[in-house]
There are 2 protein chains.
Amino acid sequence: MKPKELNIIYKGDCSILLADKSLFPDKSINLIVTSPPYADKRKNSYQGVNSDKYVEWFLPISDQLIRILKDNGSFILNIKEHPSNGERETYVLELILEMKKQGWFWIEEYCWYKKNSFPGKWPNRFRDSWERCLHFTKKKDFAMYQDAVKVPIGDWAEKRFKSMSENDFIRHISKNNTHLGRNVSNWLNKKKVYPHNVLVFEEEHRLYLGNVVETAADTSHKNHSAIFPLELPTWFIRLFSKENDAVLDPFLGSGTTAVAALLHKRKYIGIELKTEYFSEAQKNICEVEKIMKKNSNKI
Amino acid sequence: MKPKELNIIYKGDCSILLADKSLFPDKSINLIVTSPPYADKRKNSYQGVNSDKYVEWFLPISDQLIRILKDNGSFILNIKEHPSNGERETYVLELILEMKKQGWFWIEEYCWYKKNSFPGKWPNRFRDSWERCLHFTKKKDFAMYQDAVKVPIGDWAEKRFKSMSENDFIRHISKNNTHLGRNVSNWLNKKKVYPHNVLVFEEEHRLYLGNVVETAADTSHKNHSAIFPLELPTWFIRLFSKENDAVLDPFLGSGTTAVAALLHKRKYIGIELKTEYFSEAQKNICEVEKIMKKNSNKI
DNA sequence: GTTCCGCATGAATCGATAG
DNA sequence: ACTATCGATTCATGCGGAA
């Protein structure tokens, strides 16, 4: 099954739109990546959801998401509970438990380590420098393209490979109780290795919209749109989808996920309730599409 | 109130010993730091607790811990759920929720980012490089000595926490280890800032305990004790206790927490069930006590 | 005194096979 | 069907001794 339209953003409430089977048929989406609005105890907070009712509010949405996700698809939920009255809230923990009851498998919790976190000082805690990226699936056998997110091997390797001893060419079995064996020659001349489940993105690689092909070092972005923190959705889009797959963000915000999908030749679908965000997303996506078209014309 | 004895380790089951009010009176402990055995689906696993019964097993222990903790004390629980049948287990999430019902405040979740995690490759996940350090308290107003864990200003990318600093023990080691001596002197001269809630430790300061003692013949660590990863308990001991405070580890293992406490002039109390671990802890603590006594005699 | 090199090891996980 | 065992796979870093 396919969604009614691809490369489109809808303005509206995702809890209603997702339930529309003509727009979102069963098993039609390859990957869902989203950062929903965080809960907030304060009333009237901007698009805020009360933390006491967060789980209750989210479950009907995740129930639609599991319906429209393909069997080998993934759902990445980027979230972090705020402190409230000096304590961490528990709605994320409760949400994981409830989503499992809906049929989701909780495969993994990736840690997004944000080195330049929001400044501040409090008597009872330090600055919060990490967020959860919860990985849910419908089946235990899901699509994962690990080669797409390989990282350069550490500096140790270069020296190591220069001086290979005899033992490096045979399988070495560790003596302790672990069954770890190794054969260093397998890694000879290896350039890239698989990453781990703590995500650290370098700021220099950040992309500036309107200046998509350049890096932050280039200051020409000043005349263009705001900075896009594209790294996070990009990483998961590369890891859990392939070209032409359908990538959904039900809380699109200013369009980050859609832009990341577009840049990697995936089909985007976005939903956003707030008018300002929706317009900004529209503008941003449009700008990237223009740039990409211009670039492809050059070829 | 004070514990019956300080600077002592008990051999036995902490779920029984902690309930003994003569050993552990109400509100007698300043800080609890522990890494309990992680749950394991396999039967007959070494000191393993079945994951289905983990919460049930732990709650009576945490119930005693909240009794014996001082009102301004902290409890640091280092734990990480394993995957089982391809999914992350949920017992840690459930434990947090249940401990809150016991009266604990869940203040914070620190992320311990372990850069050299165990190698391996699987189709559904990457290497696990982080563990949870859950911070619980009895009151929202608790003792926190933030200045004790400031880190040097530096390149964000390379900033890490050095667990140990200017004390006699380090100076002693420095004699035997030129690398360490150099690093410590660099560290002492830098300006310091407050850290955040992602912990990344330098691993240079791991100690081969047997190597600390000056022996005429053999200085090879192979014939001595195991490596001590002291950084983690040390960081929390500095942050949540002051000199002469009572620091408890109900799952002492090979004595890491006690040694860290001792080195920072806190009073340690440890409990360990397994004979091998208990003996090793005893030996390790004894060795460090000897060194510290020798050093103080020199002054 | 400094750099280089060999080696050990770190709370691992999955899937296939055997009982 | 369910459980136990075993093989395969994989990086990064510190320490100690040698150069």
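This tour goes from the interface of chain A and chain B to a cavity in chain B.

The model is predicted, so local features need pLDDT of at least 70 and side-chain atom pairs pLDDT 80 or more, while totals for chains, interfaces and linings use all residues. Residues are numbered from 1 along each chain as its sequence is written, chains are lettered from A in the order in which they are written, and side-chain values use heavy atoms, without hydrogens and water.

**Stop 1: the interface.** Select both chains. In contact (heavy atoms within 4.5 Å) are 49 residues of chain A and 50 residues of chain B. The buried area (accessible area, 1.4 Å probe, lost on putting the two parts together, summed over both) is about 4,500 Å², and carbon and sulfur atoms give 60% of that. Next select A:Glu87, A:Trp106 and A:Phe126, which supply 17% of the area that chain A buries against chain B, more than any other three residues.

**Stop 2: the cavity.** Select B:Asn30, B:Asn72, B:Gly73, B:Ala143, B:Tyr145, B:Phe240, B:Ser241, B:Lys242 and B:Asp245, which line the largest cavity. A cavity is a set of points on a 1 Å grid over the protein atoms alone where a 1.4 Å probe fits but cannot get out; lining residues have an atom within 4 Å of a point.

Terms used:
On a 1 Å grid over the protein atoms alone, a cavity is a set of points where a 1.4 Å probe fits but cannot get out, and a pocket is an open set with protein on both sides within 12 Å along at least five of seven lines; lining residues have an atom within 4 Å of a point.
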